[in-house]
Amino acid sequence: MLSEARDPALRNRLIAALGAVTDAELAGKVRSLALSDTVRNNEAIQLIGRQFQQAATREAAWQWLQTHIDALLERIPHWRQGNTAQFAAGFCDNAHRDAVEAFFAPRIATLGGGPRALAATLERIELCQAKKAHYSEALGAWMQ
């Protein structure tokens with residue numbers, strides 16, 4: 001259906017629905033779809049972004065991105081390439097923060113808007129950690 005859809009609103013809804021898939025096998029197919037000619041460049045970004053937005057698919061999407069970053073970057077215009085760092089903004093722990101920084105640091109300067117996007121992503125991860133630390137004690141006490 002997606003390959004035949006021409007209406008932008010319908011395509012947008014289909015991409016959103018596909019990106020929201022949480023079944024591991026289907027989600028893997030969705031991520032592969034992002035590199036196919038079936039989807040447009042902007043739709044590829046949406047598919048992967050939706051996979052990162054969900055806790056159920058975030059880690060698999062991160063592993064996929066690390067393996068397929070070059071192929072994905074080839075699909076997107078230079079001025080949007082730096083935004084790929086923002087996919088990881090949903091993480092909320094030091095291990096992922098450090099992994100995101102280590103992964104993007106060697107290439108971020110060559111990606112349009114990359115340094116700013118990476119800095120914002122790292123800050124969002126750090127803010128999430130601070131909120132989690134601040135509220136976890138109160139939440140734990142309330143739940144008891």
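# A guided tour, starting at the disulfide

With -100° about the S-S bond, the link of Cys92 and Cys128 is left-handed. Select these two residues to begin: a disulfide (a pair of cysteine sulfur atoms within 2.5 Å) joins them, with 2.0 Å from S to S. The structure holds one disulfide. A disulfide is a covalent bond between the sulfur atoms of two cysteines.

Before moving on, a word about the model: it is predicted, so local features need pLDDT of at least 70 and side-chain atom pairs count only at pLDDT 80 or more, while totals for chains, interfaces and linings use all residues. Residues are numbered from 1 along each chain as its sequence is written, and side-chain values use heavy atoms, with hydrogens and water left out.

Cys92 lies in the loop between helix 5 (78-81) and helix 6 (94-104), and Cys128 lies in helix 7 (residues 114-143), so the pair ties together parts that are 36 residues apart in sequence. Cys92, at 15%, counts as buried, whereas Cys128, at 27%, is partly exposed.

Now zoom out and switch to a cartoon view. How many helices and strands does the protein have? There are seven helices and zero strands, where helices (H or I, at least four residues) and strands (E, at least two) are DSSP runs numbered from the N terminus. Along the sequence the pattern reads α-α-α-α-α-α-α. Taken along the principal axes, the box filled by the C-alpha atoms is roughly 55 × 40 × 25 Å. Of the 144 residues in the protein, 40% are buried.

Next, select helix 2 (residues 24-33). Its buried residues are Ala27, Val30, Arg31 and Leu33. Look down the axis of helix 2: these residues fall within an arc of 155°, so they line one face of the helix; the arc is that of the directions from the helix axis to the C-beta atoms. An α-helix has 3.6 residues a turn, so residues three or four places apart point the same way. Turn to the other side of helix 2 and you will find Glu25 and Lys29 exposed. What do the buried residues of helix 2 pack against? Show helix 1 (8-19), helix 3 (41-53) and helix 4 (55-75), and you have the partners.

From there, go to Arg11, which is placed in helix 1. Arg11 is buried, with a relative accessible area of 2%. Which residues does Arg11 touch, leaving aside those up to four places away in sequence? Counting contact as heavy atoms within 4.5 Å, Arg11 touches Leu2, Ala5, Arg6, Thr38, Val39, Arg40 and Glu43. Draw a distance from Arg11 to Arg40: these two are 29 residues apart in sequence, and their C-alpha atoms are 9.9 Å apart in space.

For a contrasting stop, pick Gln63 in helix 4. Gln63 is partly exposed, at 41% relative accessibility. Its C-alpha atom is separated by 20 Å from that of Asn41, 22 residues apart along the chain.

Finish with the whole protein again. Among contacts between residues at least 6 apart in sequence, 67% join residues at least 24 apart.

Key:
Buried means under 20% relative accessible area, exposed over 50%, partly exposed in between (1.4 Å probe, protein chains only).
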